[in-house]
Amino acid sequence: MEEESHILVYDLGGGTFDVTLLEMFEGVLEVKASSGDNKLGGKDFDECLIEWMIHEFEKENHVNLRKDSFAMARLKDEAEKCKKHLSTEDSWRISIPFLLNKNGKPLGFDKTITVEIFEQLIAPLVERTHQPIDVVLSDSGIAPSEIDKVILVGGSTRVPLIARDIREYLNMEPELSVNPDFAVAEGAAIQAAIIEGLIDNEESLVVTDVNPYTLGVLVTDGISDDCMSVVIPRNVTIPVMRSEIYYTYADGQTEADIEVYQGESSIASHNHLLGKFRISGIPVRKAGEERIRVEFSYNLNGMLEVEAKIVSTGKQASIEIDMMEGEKSERIDVSMWKDAPGAKAFRTVIRRAERRLRELEENEPLLFEELEDSLYHLKEALIKGDMEQAKEEEEFIMELLEE
C-alpha cells in the first residue's frame, strides 16, 4: 500500500476491450488514463473460428452454411468450446456428426485445429489492442519502461497469445496473481466494504476515476453542420463540471436542439449519440445575439447531467444520462407551472410536497429522489395540459407523503 507504482490493467472480456493506467501512491489509486475498443472481445475470437469452420466445410462439401440457422448455432457452440480447449491444449478435434442434409445425405463436420492455426486467425484482433495501449501511455505521459505491473482481467485473457503479445509489446511479464474471471466482482466487493466501513481506513483505498471518452455537443461552424464541440475531454478526473457558451446561428431562432455525443472524432455523427433534448423560448433576435450556456456535470456514479440555459432569460432544459445504460430522462424547465391552466387545483399538494422535500433531503435520500421525480412529472404534466397524468402523479405524491 505504501509503494508508489504504475499499474496497467488490460481488460479483455466477451465483447469489449478496456485498458487503464493506474497510479498507486500512499493508499490513493488514481486512474491516469483509460481507452479501449468496444467492438473487440472473446466473441470476435469465436467468429474467427466460425469463419474457419464455414470455409473448411464449404471447401469439402460445396455448401454455404451461413444460410442455415441451425448449423450456425451448432458452429457457435463448438467455437466457444474449441477456444477454451485451445487455451490449455495444443490442438482440438471439432466433431459435429450432423449439420445439414444435402440431397438427402446428412453432412457433418470433423476437423482438428491446432493452436498455431487459431493464433493466426486471431492475430489481427490481438494487434488491435496495441492502439488503445498507446493512447493510454500517451495521455498519461508514462513510458512503457515506467510500468511496474500489467494485470490481466477478463476471461478472454486466458488465451495464451494475449500474455505473449503483451510480453513482446511492452517488454514485461503480465501478472497472473488476479483471477481474470473474478477480478471485477472482487473489486466491487472490496469497494462496497470500504464504503460500508467494513475495511479499516489504514487498509482501504481512495480511488479516483477519469472520463474515458471525450464528451461534447453537435454544433455548426458555418461550413459544416456536423461538428463535435468538446465540453469534457477524455481522461479528465471525475467528478467534473464543465460548461461552454454557444450562440444562435439564425435570425429569429427561438429554439435549439442539444445533441450529446461521446467519441474522439471531430465529426459529431461519427461518434456515439448519448441523448438529445430541446430548449425553447429563445428571444427573437439576430443570429449570434443570444447565448446558450451548456453545462456538463459528470459524477462518480456514472451519471451525466447536461443542462442548457438561455443566458438572457435564465430559462433552462436538461437531460440526465446514465453512462452505463444510455439516456435516462429528458427534463424541461417547469418553474412556470403556476401559470399553466388548471394549476390552481394542484397548488396545495405541490406546496406540501416541496416542504416535505426539504426535510427528506438529508435523512431519506431514496424517498427524496422518488418524491422529487414525481413532483417534477406533475409540474411537467400541468405545463403540457395533460390533466389525466397530473391527477395520477397527484395520487402518487399523496401516497408518498403518507409514507
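Mentor: Bear in mind that this is a predicted model. Let us take His6 as the part to study. His6 is found in strand 1, which covers residues 5-12.

Is His6 buried or exposed? Its relative accessible area is 12%. The cut-off for buried is under 20%. His6 is therefore buried.

What surrounds His6, once neighbours within four places in sequence are left aside? Two of its contacts are Leu22 and Glu23. The side chain of His6 reaches the backbone oxygen of Glu146 at 3.4 Å.

Now a distance across the model. Tyr261 is 255 residues from His6 along the chain. The C-alpha atoms of His6 and Tyr261 are separated by 31 Å.

Glu380 has its place in helix 8, residues 365-384. Its relative accessibility is 14%, so Glu380 counts as buried. The side chain of Glu380 makes a polar contact with the side chain of His377, at 3.4 Å. Not counting residues up to four places away in sequence, Glu380 touches Ile332 and Val334.

Next, the whole chain. The protein chain has nine helices and 17 strands. Its radius of gyration is 28 Å, well over the 22 Å that the globule rule gives for 403 residues, so the chain is more spread out than a compact globule. Along the principal axes, the C-alpha trace spans about 80 × 65 × 55 Å.

How much of the chain is buried? Of the 403 residues, 41% count as buried. His6 is buried, and Glu380 is buried too.

Contacts can be read by sequence separation. Take those between residues at least 6 apart in sequence: 59% of them join residues at least 24 apart.

Last, surface and charge. The protein chain exposes about 22,700 Å². Carbon and sulfur atoms supply 48% of that area. The chain carries 43 positive and 81 negative side chains. The centres of these two sets lie 6 Å apart.

Conventions
Residues numbered from 1 in each chain as written. Predicted model: local features only at pLDDT ≥ 70, side-chain atom pairs only at ≥ 80, totals over all residues. Heavy atoms only, no water. Helix = DSSP H or I, 4+ residues; strand = E, 2+ residues; numbered from the N terminus. Rg over C-alpha atoms; globule rule 2.2 N^0.38 Å. Buried < 20%, exposed > 50% of the residue type's maximum accessible area, 1.4 Å probe, protein only. Contact = heavy atoms within 4.5 Å. Areas by Shrake-Rupley, 256 points an atom, 1.4 Å probe, with all protein chains shown as cover. Lys, Arg positive; Asp, Glu negative; His and termini not counted. Charge placed at Lys NZ, Arg CZ, Asp CG, Glu CD. Polar contact = N/O pair within 3.5 Å; in protein donor to acceptor, adjacent residues only side chain to side chain.
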